Amino acid sequence: MTKTKRIKSPEDVKGLRIRSPSPLANEILEALGAVPVSMPMGDVYESMERGVIDGAMIPLEALYNYNLHEVTNYITIGNFSTTPFFAVMNKHKYNQFSKSEKSMIHESTGLEAAIKSGEVFDQDGRKGRNLAEENGAKVYEVDKIQIGEWNAALKPVFETWIEEMEKEGYPGREIYHRALELKEELR
């Protein structure tokens, strides 16, 4: 999402200051020639409004949930990365809970809760996109032909990740390819 520059190709990102959500996103942005800026989501609106950053690498629901539709003029949809959400708990602390407390935790987590949460993100994403478009934002969706250009620009990031996983003893290439398969299954 950007305020003053439409992004259609990897070259369009060069030199832009883009809010980054993670270390991997930093690598992606750097590979594209952008300057990643780490900041909490709560600071993105004002930073975009004042020109501190040129844009933000965010999901569509942030347009709605953080009112970013008000300061976003251009949206590029390319599905370049995914940020997982998960919850963890100290096993020792969990074991101290009563049966009914453990039951409540199990009822509010797991696959069903993940699906419901995902549906909320999807709904909020549609709301955010609609609000941005109603506010005059131009949406550009990277098509199947152009995604090849983006993937080529990002290939060094993928290869570095695969190499790092394999150095740690994990089947990096296999994990990477399985992630791509899952991504296609979810479309």
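Author: A residue is called buried at under 20% relative accessible area, exposed at over 50%, and partly exposed in between (1.4 Å probe, protein chains only). The model is predicted, so local features need pLDDT of at least 70 and side-chain atom pairs pLDDT 80 or more, whereas totals for chains, interfaces and linings use all residues. Residues are numbered from 1 along each chain as its sequence is written, and side-chain values use heavy atoms, without hydrogens and water.

Reader: What share of the residues of the protein counts as buried?

Author: The protein has 187 residues. By the cut-off of under 20% relative accessible area, the buried share is 28%.

Reader: How many helices and strands are there in the protein?

Author: Helices (H or I, at least four residues) and strands (E, at least two) are DSSP runs, numbered from the N terminus. Along the sequence they follow the pattern β-α-β-α-β-α-β-α-α-α-β-α-α. The protein has 8 helices and 5 strands.

Reader: Which residues form the covered face of strand β4?

Author: In a regular strand, side chains alternate between the two faces of the sheet. Strand β4 spans residues 74–77, with Y74 and T76 on the uncovered face. The covered face of β4 holds I75 and I77.

Reader: Which residue in β5 is the bridge partner of I77?

Author: Two strands pair if DSSP finds at least two bridges between them. Strand β4 pairs with β5 (residues 138–141) in the parallel sense, over 4 bridges. In β5, the bridge partner of I77 is E141.
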